[in-house]
Amino acid sequence: MYIKGDIEMAAISVLMAVYNCEKYLREAIGSILDQTWSDFEFIIVNDGSTDSSLQILKEYSDPRIKVI
């Protein structure tokens, strides 16, 4: 983390787009979260999935994850 003004910022941002990918979603998220580098924010954009992708995303409580 680094400080920008009064805000703590992650060193990098990881972006993942999600659309109806419930079959592989946990594996993909796990792959990112298991990296040795941990100073990142993980932005996941759910693009209107109609399967259970959004429910799967809601299972995660890792503070690095931001679901849009």
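Student: Which residues make a nonpolar surface patch of about 310 Å²?

Tutor: Keep in mind that this is a predicted model. A patch joins nonpolar side chains that lie within 5 Å and have over 30% relative accessible area. Here L15, V45 and I68 make the patch. I68 sits in the segment after β5.

Student: Is I68 buried or exposed?

Tutor: The cut-off for exposed is over 50% relative accessible area. I68 has 63% relative accessibility, so I68 counts as exposed.

Student: How many salt bridges are there?

Tutor: A salt bridge needs a side-chain nitrogen of Lys or Arg within 4 Å of a carboxyl oxygen of Asp or Glu. By this rule there are two salt bridges. One of them joins R26 to E59, with 2.9 Å between the closest N and O atoms. R26 belongs to helix α1 and E59 to the loop between α2 (53-58) and β5 (65-67), so this pair ties together parts 33 residues apart in sequence. R26 is partly exposed, at 43% relative accessibility.

Student: Which side chains meet in a salt bridge at 2.8 Å, N to O?

Tutor: Those of D62 and R64. R64 has a relative accessible area of 18%, so R64 is buried.

Student: Which residue other than glycine has a positive phi near 50°?

Tutor: That residue is N20. N20 lies in the loop between β3 (12-18) and α1 (22-33). N20 counts as partly exposed because its relative accessibility is 30%.

Terms used. Residues are numbered from 1 along each chain as its sequence is written. This is a predicted model: local features need pLDDT of at least 70, side-chain atom pairs count only at pLDDT 80 or more; totals for chains, interfaces and linings use all residues. Side-chain values use heavy atoms; hydrogens and water are left out. Helices (H or I, at least four residues) and strands (E, at least two) are DSSP runs, numbered from the N terminus. Buried means under 20% relative accessible area, exposed over 50%, partly exposed in between (1.4 Å probe, protein chains only). Patches are made of residues with over 30% relative accessible area and no salt bridge: like charges are joined within 9 Å, nonpolar side chains (Val, Leu, Ile, Met, Phe, Trp, Tyr) within 5 Å. Accessible areas come from the Shrake-Rupley method with a 1.4 Å probe; for residues, only the protein chains shown count as cover.
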